[in-house]
Amino acid sequence: MQAKPSGTETAADAAAGDAPKAPRPRGRPPKDAGRQAARQAARAQSGPPAMLAGGGAEPQDGADAETAAETVADAAGKPVGAVLNCIRILKLLSHAAAPVSLTHIVQELGMNTSTGFNILRTLVQEDYVRFDPQTKVYSIGLGVMDLVRGAATVASDINLVRPLMERIARDHGVTVTLWRRISADRMMLVLEALGTGNMRIKMDVGQRLPLTIGAAGRAMVPHAGLTEAELRRQFAALRWDRPLPFEAFMAEVEETARRGWALDNGNYALGTASVAVPILNPQGGPLMACTATMFLSQFDEARAERIAGALGEVARALAPALPHL
């Protein structure tokens, strides 16, 4: 018997009671070779499949090619099950009051035992999960601290502009917010500074909105690289307090690109007005937008332009940190 080198991962051995048996090979010769050949011949007569084994669309003509291309695009946007299961396991362990067994994990998450065991074994090897070979239980590992440090660095870079945002909010009596684009069609509020008036507009850090909504959306759209068809799709799903036609929205987007700042004059939320400036990544795409929101009674064009100039200071202050955001 060959001895195992010291320091090797022993989770698989120690969790043998929970671990599933290795699957048996499934490959067997066909019982009826003639029948299989007939099926292959029938498939050959009906034409090649629309999708190749590698996931790409086989060259076709006309509507078939368009359908295949749409299928590829849809498939590319689907989440990866193994990654989702990995995240779910890490979240469960991070909230667990005590180490838990494999059985508890897979039952709690409704996961296949073999899938859960293989993910846990990998996470143990990478130090994101700790395994106790005596009690056969799992807990969150110290490896996640590397991820936390990276996230804390980003948060620290963003927080550098908090004093500046608070000054703008105080000087102009507005609520200043920093929105980050998190996907092709969503943005999230990551920082907020309130004014000092008796009546203030409050938003929740962490809330998510469609990318094209409000002044922040108008600020991001000129740099987002979206096709007109995609813009129309996103725009059709928006809910405005005071709706406007798509053509009017695009005219405002063009005006935003010309003057460098965006305006929402009560379309998104009745009784309010918002001014926003884009914050671009090194490639020129929209990374964030800094917005000032006020009551409509506070708004006039000259004031909006002054506020936009102040918001530009936030964009410039973030510039050195952009490669890390």
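The model is predicted, so local features need pLDDT of at least 70 and side-chain atom pairs count only at pLDDT 80 or more, while totals for chains, interfaces and linings use all residues. Residues are numbered from 1 along each chain as its sequence is written, and side-chain values use heavy atoms, with hydrogens and water left out.

**Chain overview**

- The protein chain has 12 helices and 8 strands; these are DSSP runs numbered from the N terminus, helices being H or I with at least four residues and strands E with at least two.
- Of the 325 residues in the chain, 36% are buried (buried is under 20% relative accessible area, exposed over 50%, partly exposed in between, with a 1.4 Å probe and protein chains only).
- Among contacts (heavy atoms within 4.5 Å) between residues at least 6 apart in sequence, 55% join residues at least 24 apart.

**Salt bridges**

- The whole structure holds 12 salt bridges, each defined as a side-chain nitrogen of Lys or Arg within 4 Å of a carboxyl oxygen of Asp or Glu.
- Aspartate 264 pairs with arginine 218 in a salt bridge whose closest N and O atoms are 2.8 Å apart. Aspartate 264 is in strand S6 (residues 262-264) and arginine 218 in helix H9 (residues 214-220), so the pair ties together parts 46 residues apart in sequence. Both aspartate 264 and arginine 218 are buried.
- Lysine 202 and aspartate 204 form a salt bridge at 4.0 Å, N to O; lysine 202 and aspartate 204 are both exposed.
- Arginine 232 and glutamate 247 form a salt bridge with closest N and O atoms 3.7 Å apart. This pair links helix H10 (residues 228-236), which holds arginine 232, to helix H11 (residues 246-259), which holds glutamate 247, the two residues being 15 apart. Arginine 232 counts as partly exposed, at 37% relative accessibility.

**Largest pocket**

- The lining of the largest pocket consists of 17 residues, and those nearest its centre are Trp179, Met203, Tyr268, Ser274 and Thr293.
- H9, strand S7 (272-280) and strand S8 (286-295) each supply at least two lining residues, and H9 gives the most, with 3.

Methods: On a 1 Å grid over the protein atoms alone, a cavity is a set of points where a 1.4 Å probe fits but cannot get out, and a pocket is an open set with protein on both sides within 12 Å along at least five of seven lines; lining residues have an atom within 4 Å of a point.
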